[in-house]
Amino acid sequence: MSLEAPATGGEVRGSRGAPGGTAPACCPYYHEAVELIGRRWTGAIVAVLLDGGQLRFSEISHAVPELSDRLLSERMKELEARGVVSRHVDPGPPVKVLYELTDMGRSLEPALQELKSWARRWLRAEKQRSSARSL
């Protein structure tokens, strides 16, 4: 599966072209997906929801260290607007708001599992090399 799309005149950057006269270009859908999931804290939020199922705001907040409530609220609204997360309100009392991944959000699991494997393999090794050099 190719992540490239044909480039238009406005998308071609640089002076070096690929063989055959066409310059490689990033698929706009791939770029949009990376921008959505790659935003600060978003990948961690999705990973927590993959592991935890339906969760309350406070549960997500506790599961992602150093994430402010303001930023979590912003990211949850973005993910809900894009159809990755659904929000359920139980009128209570007390009122209870639960978040869970939609089918679209759950379908990110294989990609996030691969990213987690990559991180453990390469970033852990890098950290170990860095620690060994500082001794």
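Q: Is Trp41 buried or exposed in this model?
A: In this predicted model, Trp41 is buried, because its relative accessible area is 19% and the limit for buried is under 20%.

Q: Where is Trp41 found?
A: Trp41 sits in the loop between helix H1 (28-37) and helix H2 (42-52).

Q: What is the phi of Trp41?
A: Phi of Trp41 is near 80°, a positive value in a residue other than glycine. Most residues other than glycine have a negative phi.

Q: And Glu66, what is phi there?
A: Glu66 has a positive phi as well, near 70°. Glu66 belongs to the loop between helix H3 (57-63) and helix H4 (69-81).

Q: Buried or exposed, that Glu66?
A: Glu66 is exposed, with 77% relative accessibility.

Q: Switching to peptide bonds: which residues does a cis bond with omega of about 5° join?
A: That cis peptide bond joins Gly92 and Pro93. The peptide bond from Pro93 to Pro94 is also cis, with omega near -10°. Most peptide bonds are trans.

Q: Where do Pro93 and Pro94 lie?
A: Pro93 is in the loop between strand S2 (85-90) and strand S3 (96-101), and Pro94 is placed in the loop between S2 and S3 too.

Q: Stepping back, how many helices and strands are there?
A: The protein chain has 6 helices and 3 strands. Read from the N terminus, the order of elements is α-α-β-α-α-β-β-α-α. Of the 135 residues, 23% count as buried.

Q: What about H6, where is its kink centred?
A: The kink in H6 is centred on Ala119 and amounts to about 30°. The 26 residues of H6 should span 38 Å at 1.5 Å a residue, and the end C-alpha atoms are 36 Å apart, which agrees.

Q: Which residues form the nonpolar surface patch?
A: The patch consists of Leu115, Trp118, Trp122 and Leu123, with about 430 Å² of accessible area together. Trp118 lies in helix H6 (residues 109-134) and is partly exposed, at 45% relative accessibility.

Q: Now salt bridges: how many does the structure hold?
A: The structure holds 6 salt bridges. One of them pairs the side chains of Arg82 and Glu32, at 2.5 Å from N to O. Arg82 lies in the loop between H4 and S2 and Glu32 in helix H1, so this pair ties together parts that are 50 residues apart in sequence. Arg82 is partly exposed at 40% relative accessibility, and Glu32 is partly exposed at 37%.

Q: Which residues are linked in the network?
A: The network of salt bridges links Arg39, Arg70, Glu74, Arg75 and Glu78. Within it, Arg75 pairs with Glu74, their closest N and O atoms being 3.0 Å apart. Arg75 is buried, with a relative accessible area of 5%, whereas Glu74 is partly exposed at 31%.

Q: And what joins Asp103 and Arg106?
A: Their side chains meet in a salt bridge of 2.4 Å, N to O. Both residues lie in helix H5 (residues 103-106), 3 residues apart, about one turn of the helix. Asp103 is exposed at 61% relative accessible area, and Arg106 is partly exposed at 40%.

Terms used. Residues are numbered from 1 along each chain as its sequence is written. Side-chain values use heavy atoms; hydrogens and water are left out. Patches are made of residues with over 30% relative accessible area and no salt bridge: like charges are joined within 9 Å, nonpolar side chains (Val, Leu, Ile, Met, Phe, Trp, Tyr) within 5 Å. Accessible areas come from the Shrake-Rupley method with a 1.4 Å probe; for residues, only the protein chains shown count as cover. A salt bridge is a side-chain nitrogen of Lys or Arg within 4 Å of a carboxyl oxygen of Asp or Glu. Helices (H or I, at least four residues) and strands (E, at least two) are DSSP runs, numbered from the N terminus. Buried means under 20% relative accessible area, exposed over 50%, partly exposed in between (1.4 Å probe, protein chains only). The expected span of a helix is 1.5 Å times one less than its number of residues. The bend at a residue is the angle between axes fitted to the seven residues ending there and the seven starting there.
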